[in-house]
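Have the model open as you read.

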Amino acid sequence: MKKLLLVSLVLCIAMVGYSQNTTSIDKYKTLKMEDGRINYSTDDATNFNNPVSMVKGSDLLDPSEFQLGITWYDLFSNYNDGNRFWRFEDGTMSAVWIYGIAASSFPERGTGYNYFDGTTWGPEPTMRIEDTRTGWPNIAAWGDGEVAVAHNGNTGLEFCKREIKGTGDWTQWNFLGPDPIGESLTWPRMVSSGDANEYIHLFSPTNAEYEDQIEAVVYSRSNDGGETWDPHNIVLPEMGPDYYREVVHDCFAVASNGPHVGFVYSNITADMFYLISHDNGDTWERVVVWEHPTPFYNPDEEYQDTVFCPDRSAHMAIDDDGHAHIVFASRSINSPQTPLSYALAQICR
């Protein structure tokens, strides 16, 4: 039986002067940071002695572990994880995961949940928080309470919220995508932002063709706990068909800090880019971190010479000043079996 363990550790990545440093990938190519973007270079490509700033393990607090619950369900993500942990400003914490015990077909699969009240975690849950089968949960603060979202695989997404974090009954409702593919929304990502975490930001893959993309990601925002949404199921600027053939499910992550909200996309068939908002989602800016050598690359129709590119595992954090910090791994485009080569960390902007 699998045990779900929590390492109560805040990961801090100290990166100084990356715009001047070069990380060697192989003896033929390197990646350089220039004006907030990663570019290839063949200069000094065999120099493996460039310094890289890191946080030493001895500089971090000793981690402690606590078993939050159990699950037999192994497929926690297709590529990238959602936001399954939230630490509140008062030191309390909420955690979610895909709960499932009946290993044949997991009919009771759903959102496992546990809460840390500042002193201890709660008892291990023996059931999901929803009344229907779900997966791929996210958790975020919402005012004095909390909100969770997951997909049910049949009729869109399932939201759950409660007024006070850690206690009380959950209120549940269904969320559909745009017509005519409303029930196809899956694998959501969610964060909250604002002085009181009043804004809920939802990014949902369509899992179907939409607005001339093989698959799109639609964005919705609510400032009243999900009662209304504005915008509602829109493709954000510079993420549509004029820029990308598709934006694929589970190839992205989201983050927030105060009024700052970010979305980072990483796939071997497109640019690695992030969207950043400094006004709780009113306006967005796209920054291309790694530019794909073949725009609108279709691996089924085109052969791509071997180049190192970001894989599908990018994550981001946003600091108090609104700067986006991106971490990712690299791989080769034309060799699907090639393992991850080097993990990279970079302050982007």
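1. Is Leu-275 buried or exposed? At 0% relative accessibility, Leu-275 counts as buried (buried means under 20% relative accessible area, exposed over 50%, partly exposed in between, with a 1.4 Å probe and protein chains only). Leu-275 is part of strand β18, residues 272–277 (strands are DSSP runs of E, at least two residues, numbered from the N terminus).

2. A word on the source: this is a predicted model, where local features need pLDDT of at least 70, side-chain atom pairs count only at pLDDT 80 or more, and totals for chains, interfaces and linings use all residues. Residues are numbered from 1 along each chain as its sequence is written, and side-chain values use heavy atoms, with hydrogens and water left out.

3. Now look at the aromatic rings: the structure holds 17 aromatic pairs (rings of Phe, Tyr and Trp, the last by its six-membered ring, with centres within 6.5 Å; planes under 30 degrees apart are stacked, over 60 edge-to-face, the rest tilted). Tyr-73 and Trp-136 pair edge-to-face, at 6.4 Å centre to centre and 80° between the planes. This pair links distant parts of the chain, 63 residues apart, and both Tyr-73 and Trp-136 are buried.

4. Phe-159 and Trp-229 make a tilted pair, with 5.6 Å between centres and 45° between planes. Phe-159 lies in strand β11 and Trp-229 in the loop between β15 and β16, so the pair ties together parts 70 residues apart in sequence.

5. Finally, one aromatic cluster is worth a visit: its members include Phe-203, Tyr-219, Phe-263 and Trp-284.

How values were computed
Helices (H or I, at least four residues) and strands (E, at least two) are DSSP runs, numbered from the N terminus.
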